[in-house]
Amino acid sequence: MKKICLAAAIASTLLAAPAFAQSAPDSDKIVVAHRGASGYLPEHTLPAKAMAYAMKPDYIEQDVVMTKDDRLVVLHDHYLDRVTNVAQVFPDRAREDGRYYAIDFTLPEIKQLSVTEGFNIKDGKQVQGFPERYPMWQSDFKVPTFEEEIEMIQGLNKSLGYDIGIYPEIKAPWFHRHEGKDISKAVLKVLKDYGYISKDSNVFLQTFDFNELKRIHDELMPAMGMDVKLVQLLAYTDWNETMVYDGKGLAQPYSYDWMFAKGGMEKVAKYADGVGPWKPMVVSDKSTKGNIKLTGLVKAAHEQGMQVHPYTFRADTGRIPAYANDFNDMLDIFYNTANVDGVFTDFPDKAVGYLSSKGRK
Ligand code: G3P
Ligand code: CA
């Protein structure tokens, strides 16, 4: 499988890098609440973010997409159909591919929807993605705007006296721009309005789209008098995570292969303060208990002064890799053996608890 071949390529090319590593001191290792406390409440709802906040992570993540009326909402997909009742409320509004695109709906329309624990459709029925999690359609949750979520986090920072940061991801900027929407400029404007303007601000801004990351770094932030920390998310080309439109308007997958080749991290570091890899890009899935095989990605990124925050650490049944005994062992392997600087997790209480047990918080 291509993913396995590329993992081997990472190991062979990145391991050749020289040896002076810059990583966060142990006391600075961070926890990012992935889509909030999404292991316990429906992802990206304000209750899931408030619950995450109470667990005291360092950052809370927002995936951001744009609506028809140019508002920013916090949703993982640029579709509404995996986590809302859009198909029941607006049955005639799907595109030809059967999906309900957030960009085709106004904010007042999206606010009419109920949010639930994520599901897939199998044989015409809704099947919960994580069956051990919060029950589908229980209680009533809404899609928050980006501003609503920032205001809640900043409000809690005031009332509780913590200083928890935000970690927004600009979702599919290539898609939004093709649809005529400059989502990156809109996200930066909101960040600036709420005081996130410099490297010292408590924010990491992330995207999978390298071309857009360069544009943010070279054009948008200088024009807006901003310079916040940027993170390049890493994908494999065959995930089709990022697309590029050719001259005929056809979307082709963006090739991530160069990022895993020799010199890849050096090029990324010209624009980014950190990288967000998938876990197997850091610890090979060929690892076994007692024989952890590192790909060399962390070392290569640290040599370029970048932090490494892999995704996604989940405690659900079947989500612990075979090389780890349990969730804490997986964290130990990543924080200590692989020396990552932080993790994205759906279970922020467990990662905060792990770091506390090591005297690091
Ligand atoms: O942004 C880090 C991680 O969240 C990337 O994966 O698909 O959950 O956004 P995804
Ligand atoms: Ca994300």
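Student: How many cavities of 30 Å³ or more are there?
Tutor: The count comes to two cavities of 30 Å³ or more. On a 1 Å grid over the protein atoms alone, a cavity is a set of points where a 1.4 Å probe fits but cannot get out, and lining residues have an atom within 4 Å of a point. Points are joined across faces, edges and corners, and a volume is the space filled by probe spheres set on them. This is a predicted model: local features need pLDDT of at least 70, side-chain atom pairs need 80 or more, and totals for chains, interfaces and linings use all residues, while side-chain values use heavy atoms, without hydrogens or water. Residues are numbered from 1 along each chain as written, with chains lettered from A and ligands numbered from 1 in written order.

Student: What lines the largest cavity?
Tutor: Its lining includes Glu43, His44, Thr45, Lys142 and Pro144, around a volume of about 50 Å³. By class, there are six nonpolar, two polar and two charged residues (Ala, Val, Leu, Ile, Met, Phe, Trp, Tyr, Cys and Pro are nonpolar; Asp, Glu, Lys and Arg charged; the others, Gly among them, polar).

Student: And what volume does the second largest cavity have?
Tutor: About 40 Å³. Trp174, Phe208 and Asp209 are among its lining residues, and β6 (165-170) and α6 (173-178) each supply at least two. Helices (H or I, at least four residues) and strands (E, at least two) are DSSP runs, numbered from the N terminus. The lining divides into five nonpolar, two polar and four charged residues.

Student: Switching to pockets: how much space lies in the largest one?
Tutor: About 1100 Å³. A pocket is an open set with protein on both sides within 12 Å along at least five of seven lines. This one is lined by 43 residues, with Arg35, His76, Tyr311, Thr312 and Arg314 nearest its centre. The lining has 15 nonpolar, eleven polar and 17 charged residues.

Student: Now the helices. At roughly what angle do α5 and α7 cross?
Tutor: The axes of α5 (residues 146-160) and α7 (residues 183-193) cross at roughly 25 degrees and come within 11 Å. Axes are lines fitted to C-alpha atoms over the stretch in contact, with angles from 0 to 180 degrees between N-to-C directions. The two helices are therefore roughly parallel (under 35 degrees; over 145 is roughly antiparallel, 65 to 115 roughly perpendicular, the rest oblique).

Student: Which residues make the contact?
Tutor: Phe146, Glu147 and Ile150 of α5 meet Val187, Val190 and Leu191 of α7, where contact means heavy atoms within 4.5 Å. By class, that is five nonpolar, no polar and one charged residues.
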